[in-house]
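Reader: Got a model open here. Can we go through the annotation and then the aromatics?
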Amino acid sequence: MSGNSKFEAHRCPNGHLSYPGHPRCPECAEPQDETVDLTDRTAEVVTWTTSTATPPGVRQPNHIAIVEFDVDGDSVRAIGQLTTDGVEIGDEVRPIYADELRDPDAGIREKASQEWDGYRFEPVE
């Protein structure tokens, strides 16, 4: 894996999880000072769709899903690209690192101003 992309949920002292993290917990306003690495976990597809009208630099069609991770009995949801359109609601997926989720040459921003890597979700066979 290259890049510095992390895929972590954040937890407050009251046990609430969120993704992405926030300075304060969205549920109780406590600081979120614990992280949970999601890269080696699997998740369940809650819903998914395909976008055919994507922003510049984003693949077309772009398959996107909301997935739910079970972290020690607590759930946390994330949204991200799928590696395929061959998924159904309830399928198990895992995060897969991608060097570029978007084409850095297609945007209007300076390349160095953003991170281009991240995670897609791949079905677990």
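Reader: Which residues does UniProt list for "domain: ChsH2 C-terminal OB-fold"?
Author: Residues 40-94, according to the UniProt record, which is an unreviewed entry. The model itself is predicted.

Reader: How much helix and strand in residues 40-94?
Author: The span is 0% helix and 55% strand. Its end C-alpha atoms lie 8 Å apart.

Reader: Switching to rings. How many aromatic pairs?
Author: Six in the structure. One of them is Phe7 with Tyr19, edge-to-face. The centres are 5.1 Å apart, with 85 degrees between the planes.

Reader: Where do Phe7 and Tyr19 sit in the chain?
Author: Phe7 is in the segment before β1 (8-11). Tyr19 is in the loop between β2 (17-18) and β3 (34-37). They are 12 residues apart, and the pair links distant parts of the chain.

Reader: Why does Phe7 count as buried?
Author: Because its relative accessibility is 4%, and the cut-off for buried is under 20%. Tyr19 is partly exposed, at 29% relative accessible area.

Reader: What about Phe7 and Phe69, what geometry does that pair have?
Author: Edge-to-face again: 5.7 Å centre to centre, 70 degrees between the planes. Phe69 lies in strand β5 (residues 62-71) and Phe7 in the segment before β1, so the pair ties together parts 62 residues apart in sequence.

Reader: Phe7 and Phe69: buried or exposed?
Author: Both are buried.

Reader: Which residues form the aromatic cluster?
Author: Phe7, Tyr19, Phe69, Tyr97, Tyr119 and Phe121 form one cluster.

Terms used
Residues numbered from 1 in each chain as written. Predicted model: local features only at pLDDT ≥ 70, side-chain atom pairs only at ≥ 80, totals over all residues. Heavy atoms only, no water. Phe/Tyr/Trp six-rings, centres within 6.5 Å; stacked < 30°, edge-to-face > 60°. Helix = DSSP H or I, 4+ residues; strand = E, 2+ residues; numbered from the N terminus. Buried < 20%, exposed > 50% of the residue type's maximum accessible area, 1.4 Å probe, protein only. UniProt positions renumbered as here; feature names shortened; annotations may be inferred.
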